[in-house]
Amino acid sequence: MPCPSPGRDFSKNYMENQIKYKNKISLNQAKKKIIAHAFSVNYPIFDKNYNSIKLKNVEDVSNYLKQNNYDLESLAEKCRDYTERVPLFENLLSTTWQVISSFKNADDATNKNGSISLVNESTGKTELEIKSNGEFAFSPYQSKFEKAVKYLNMAVNNASFEDFLTAITSGISSIETYLNYRAGLYNNLHSNEKLIDNQLIKVRFEDKIDWWIPKMTNKKIDKSADSWRHFKELKNKRDKLDQHNHNIPIGGTYVDLCQLINKFRSGIAQFINDLHVIFNEKTPTCVINAIYMPDVEIINNNK
């Protein structure tokens, strides 16, 4: 395997080809982001008379913002900075939680019988129990998506194809896990016609898209959309580099890397959002924010 010559300085070349997120998204995108968060809010919101309400359209969102001393247009201008949080609607909690006890060691915790349990609402079964300091993710598909975004940001900060490969691998895993999660809900209600995918009965991802989804929802994925086309492109890239031949070199120009990173929004984030829409389920905050990330660009013209 070829190696860099000892003593050669690559730092100048790296800095000249560094990539970054653009500082802002468009005003229209910022407005769509606010509205998306408003429609997917997963906690109760109330009118001025403390009556629980549901926001059904843009006018409802605008009126609710006014009620709380915000103007939609002004807020959208502020939220063009993608690091700005969307007030009132954006859920700031991660799906991954740390468990921190007051016990000095695990034996103390066991002796005191302290624990945290995660119970499946559909079956009533305890799926995870932690009796001392630790960590858990109550939504595995969201946790995998958060990991994907983490490595996507690392790919930008490090101008790294390796980090991007990890990002799309975790993103695709998040989508597959979401489909399995929905299949589990379906199976709980249809014990005589369960959707099975295990070591004995393997189901291809494409078959889950073409067969499972229509069976569960009576709807189909729109395969003419950019989200499906970009998903297939990113999945093929992942399969080629990470699954079938580990000896293929990973890399390309920074222009290539920017184009691939920009396709994460539609091919991973928008695609999993499309699935939530089909299943009539609210889209998680982390997914909405990824859909409305700004473009990635090269800092200078040295490509």
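Residues count as nonpolar if they are Ala, Val, Leu, Ile, Met, Phe, Trp, Tyr, Cys or Pro, as charged if they are Asp, Glu, Lys or Arg, and as polar otherwise, with Gly among the polar ones. The model is predicted: local features need pLDDT of at least 70, side-chain atom pairs count only at pLDDT 80 or more, and totals for chains, interfaces and linings use all residues. Numbering runs from 1 along each chain as its sequence is written, and side-chain values use heavy atoms, with hydrogens and water left out.

**Stop 1: the cavities**

Rolling a probe the size of a water molecule over the atoms shows where empty space is left. The search uses a 1 Å grid over the protein atoms alone; a cavity is a set of points where a 1.4 Å probe fits but cannot get out, and lining residues have an atom within 4 Å of a point. Grid points are joined across faces, edges and corners, and a volume is the space filled by probe spheres set on the points. The whole structure holds 2 cavities of 30 Å³ or more.

Select Tyr21, Leu152, Ile261, Asn262, Arg265, Ala290, Met293, Pro294 and Val296. These residues line the largest cavity. Its volume is about 40 Å³. The lining of this largest cavity splits into 7 nonpolar, 1 polar and 1 charged residues. Which helix gives the most to that lining? Helix α10 (residues 254–278) does, with 3 residues. Helices (H or I, at least four residues) and strands (E, at least two) are DSSP runs, numbered from the N terminus.

Next, select His37, Ser40, Val41, Asn42, Phe89, Thr283, Thr285 and Ile288. They line the second largest cavity, which has a volume of about 30 Å³. By class, the lining of this second largest cavity has 3 nonpolar, 5 polar and no charged residues.

**Stop 2: a pocket**

A pocket is an open set of points with protein on both sides within 12 Å along at least five of seven lines. The second largest pocket has a volume of about 450 Å³. Select Phe39, Ser40, Val41, Lys54 and Lys282: of the 24 lining residues, these are the closest to the centre of the second largest pocket. Two or more lining residues come from each of α2 (27–39), β3 (52–53), α10 and α11 (285–291). Helix α10 gives the largest share of this pocket's lining, 4 residues. The lining of the second largest pocket has 13 nonpolar, 7 polar and 4 charged residues.

Glu90 sits in the loop between α4 (72–78) and β4 (96–99). Is Glu90 buried or exposed? It is buried, because its relative accessible area is 6%. Buried means under 20% relative accessible area, exposed over 50%, and partly exposed in between (1.4 Å probe, protein chains only).

**Stop 3: salt bridges**

Side chains of opposite charge can pair when their charged atoms come close. A salt bridge is a side-chain nitrogen of Lys or Arg within 4 Å of a carboxyl oxygen of Asp or Glu. The count comes to 16 salt bridges.

Select Lys215 and Glu193. Their closest N and O atoms are 3.2 Å apart, in a salt bridge. This pair links distant parts of the chain: Lys215 is in helix α8 and Glu193 is in the loop between α7 and α8, 22 residues apart. Lys215 is partly exposed at 32% relative accessibility. Glu193 is partly exposed at 36%.

Move to Arg80 and Glu77, a salt bridge at 3.6 Å, N to O. Arg80 is partly exposed at 24% relative accessibility, and Glu77 is partly exposed at 36%.

Now select Arg204, Glu206, Asp207, Lys232, Lys235, Arg238 and Asp239. Salt bridges link them in a network. Within it, zoom in on Glu206 and Arg204: the closest N and O atoms are 3.7 Å apart. Glu206 is buried at 17% relative accessible area, whereas Arg204 is partly exposed at 48%.

**Stop 4: positive phi**

Most residues other than glycine have a negative phi. Select Asn69, in the loop between α3 (58–67) and α4. Asn69 has a positive phi of about 70°. It is exposed, with a relative accessible area of 73%. Then go to Ala159, in the loop between α6 (140–158) and α7. Ala159 has a positive phi of about 50°. This alanine is buried, at 9% relative accessibility.
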